[in-house]
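Here's a quick tour of some charged side chains and who they pair with. Have a look at the model first.

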Amino acid sequence: MQIRALNKMLLILSAAAVLLAGCQNGGEAAAPNAPVQTGENQAPAEPAVTQPAAYVSPLTGEPVDAPLETRPLAVMINNAPAARPQSGLMDADIVYEVLAEGGITRLVAIYQSAEKVEKIGPVRSIRPYLIDLGESYHGVLVHAGGSTDAYALIQSLHKEDLDEISNAGAYFWRDKSRKAPHNLYTSVEKLRAGAKKRGYGLVDKQVPAYTFREADDPVEGESASQVEIKFLLNNYRVSYHYNTKTRLYERYVGKKPHKDLDTGTGLTAANVVIIGADHQTLDKVGRLSVDLNSGGKAMLLQRGKLIQGQWVRKKNDVIRFVKDGAEVPLYPGKTYFNIVPNTGGFSSHVTITK
């Protein structure tokens, strides 16, 4: 009997010791034979899976809530020194810079994604090859006047345009703080109202779409932290400087950041495309013909890298950048196309800084 009582007492003391140890550790007593959990043998957390967006903008690759079927607007933007800084370029999906007569350049801004842009401009005149660029995106052409050849095309082929001079003055305004002709402005809301008034379609399900990478896809190419582009005149030199934090190229005109007039925000691009095209002078005024169909040498800058390739354009399509016969995807965001003349050689217009 004494032995049984002694064994019973030992069992009670053992259980009490286990409970006391658990309390001293600030938790419950461990179950007998339970494995000790350490950082090494814990099951790793499942990595978060990023689901691709159900819908993306055909021109920027950025997520949208529903299929984007808004018909684009193609606005001719004045780029004379007296017209800078401009308004609304930061909201364009695509921007082209191309020569006009006299060595000046003009900008063609393509708007589709932005529902509201309160001020766009200064708006300027149109040329035949600018018609071609705007219509490649199925855009309503927005301008103030144009060359004789441009007007002939618009009238004979019944182009859908909004011209401040001939058919849509009510949808533009003059900013009295600037001198004419560098003071003509409009807005996305006014332009869509004008297009509706003139019976132009506002929906387009066939807008050409680019191919896009995922935002975190690895970048390809050789280092290119900066590129300078010379069209003809020194006061139209443009450069793009890569920002490693934003992963965007910041646009400069001359040595100054190219900023939005109203917000002071610098213009940036996820993709910068430079293409060489044949230019022909047509008259004493210096009006040009620019070949936007034959293709040629091109460069693509994205994420601090440069890819050498070609530009191509098929019938009823936009200009695309290809390498080894395959289209190179863009990164989601805005894209700037810079069209330089082949005169003197394509490379003579471009300086790359690694």
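## Lys159 and its surroundings

In this predicted model, the side chains of Lys159 and Glu135 are joined by a polar contact of 2.8 Å. Lys159 sits in the loop between α3 (148–156) and β5 (161–163). Setting aside neighbours within four places in sequence, Lys159 also touches Ile131, Leu141, Leu153, Ile154 and Tyr200, among others.

Just after α2, His138 takes a positive phi of about 65 degrees.

## Salt bridges

The count comes to 14 salt bridges. One of them pairs Glu160 with Arg71 at 2.5 Å, N to O. That pair ties together distant parts of the chain, 89 residues apart: Glu160 is in the loop between α3 and β5, and Arg71 is in the loop between α1 (2–24) and β1 (73–78). Glu160 is partly exposed at 29% relative accessible area, while Arg71 counts as buried at 13%.

Then there's Arg251 with Glu97, whose closest N and O atoms are 2.8 Å apart.

Asp163 lies in strand β5. Asp163 is buried yet has no salt bridge, and the nearest side chain of opposite charge, Arg174, is 9.0 Å away. Its contacts beyond four places in sequence include His143, Tyr151 and Phe172.

Technical notes
Residues numbered from 1 in each chain as written. Predicted model: local features only at pLDDT ≥ 70, side-chain atom pairs only at ≥ 80, totals over all residues. Heavy atoms only, no water. Helix = DSSP H or I, 4+ residues; strand = E, 2+ residues; numbered from the N terminus. Polar contact = N/O pair within 3.5 Å; in protein donor to acceptor, adjacent residues only side chain to side chain. Contact = heavy atoms within 4.5 Å. Buried < 20%, exposed > 50% of the residue type's maximum accessible area, 1.4 Å probe, protein only. Lys, Arg positive; Asp, Glu negative; His and termini not counted. Salt bridge = Lys/Arg side-chain N within 4 Å of Asp/Glu carboxyl O.
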